[in-house]
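Subject: Structure for your review

Dear colleague,

Please find below the structure that I promised to hand over to you. My notes on what was found in it follow directly after.

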Amino acid sequence: MPKTETFDRNQVLQRATEVFHLKGYNGTSMQDLVDATTLNRSSIYNSFGSKLSMFLEVLSYYQSNVSGKIDGKLIHSHNASDMVSAIFEIYIDDILRDEDKKGCLIINCKSEITNQEPLINSFIEKSQDRMTTMLEDIVCNGQMEKIFNQNQTASQYALYLFSSIQGLRMTGIIHKNEEDLRNLIQNILKILY
């Protein structure tokens, strides 16, 4: 009979997320996870399987939280222009609140270990596909509504926006001047109009 978990899985994932976010995958030891989650090693292995499996679940947990923020903002948007602005607003908020200069866990992971681990690579590819597909749908709607130009395809603009978001997140780790970051976003979005 399988053992039942006697802990709050979301709370453990939140604590593990904080450690992985601060130290990265390679810099996080099992002892770090034991200390952060207050679970013993055997509980971590029994519940998550391995450090890699736990990290993949942490990435999913983190991505789910980001997606929830985006969905919450998009539901209140009136058109494609508002949607794109709302997405960038979420990232500006995250940058300005990131006092520890940790950046985005998924982007950090992408630069740290994507090419070293096939399961991580697969997760990152799927994450990028989801985001670019969402952006492509928004841009396509904006082009149909004549809000955005048609100088490039919705797919090309989506990849441009996705790359710009990643660049913004990386820039925001060090550069926290809100006015500069908002000007950067305005420059990024000019290409759509």
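Helix H5, residues 80–97, packs against helix H7, residues 118–144, at an angle of about 145 degrees. The axes of H5 and H7 lie 8 Å apart. Please keep in mind that this is a predicted model.

Which residues of the two helices meet? From H5 come Ala80, Met83, Val84, Ile87 and Tyr91, and from H7 come Met131, Met134, Leu135, Ile138, Asn141 and Gly142. Sorted by class, this contact of H5 with H7 contains nine nonpolar residues, two polar residues and no charged residues.

Another residue of H5 deserves a separate note, namely Ile95. Is Ile95 buried or exposed? Its relative accessible area is 2%, and since buried means under 20%, Ile95 counts as buried. Leaving aside residues up to four places away in sequence, Ile95 touches Leu168, Arg169, Gly172, Lys176 and Leu181.

Lys101 is located in the loop that runs between H5 and helix H6 (105–113). The phi angle of Lys101 is near 55 degrees, which is a positive value in a residue other than glycine. With a relative accessible area of 44%, Lys101 is partly exposed. Lys146 sits in the loop between H7 and helix H8 (154–174). Lys146 is not a glycine either, yet its phi is positive, at about 65 degrees. The relative accessible area of Lys146 is 68%, and this residue is exposed.

Finally, some values for the chain as a whole. How many helices and strands does the protein chain have? There are nine helices and zero strands. Taken along the principal axes, the box filled by the C-alpha atoms is roughly 60 × 40 × 35 Å. The protein chain has 193 residues, of which 45% count as buried. Its accessible surface comes to about 10,500 Å², and carbon and sulfur atoms account for 50% of that surface. Among contacts between residues at least 6 apart in sequence, 68% join residues at least 24 apart.

With kind regards

Methods
Residues numbered from 1 in each chain as written. Predicted model: local features only at pLDDT ≥ 70, side-chain atom pairs only at ≥ 80, totals over all residues. Heavy atoms only, no water. Axes fitted to C-alpha atoms, helices over the stretch in contact; angles between N-to-C directions. Helix = DSSP H or I, 4+ residues; strand = E, 2+ residues; numbered from the N terminus. Contact = heavy atoms within 4.5 Å. Nonpolar A, V, L, I, M, F, W, Y, C, P; charged D, E, K, R; others polar. Buried < 20%, exposed > 50% of the residue type's maximum accessible area, 1.4 Å probe, protein only. Areas by Shrake-Rupley, 256 points an atom, 1.4 Å probe, with all protein chains shown as cover.
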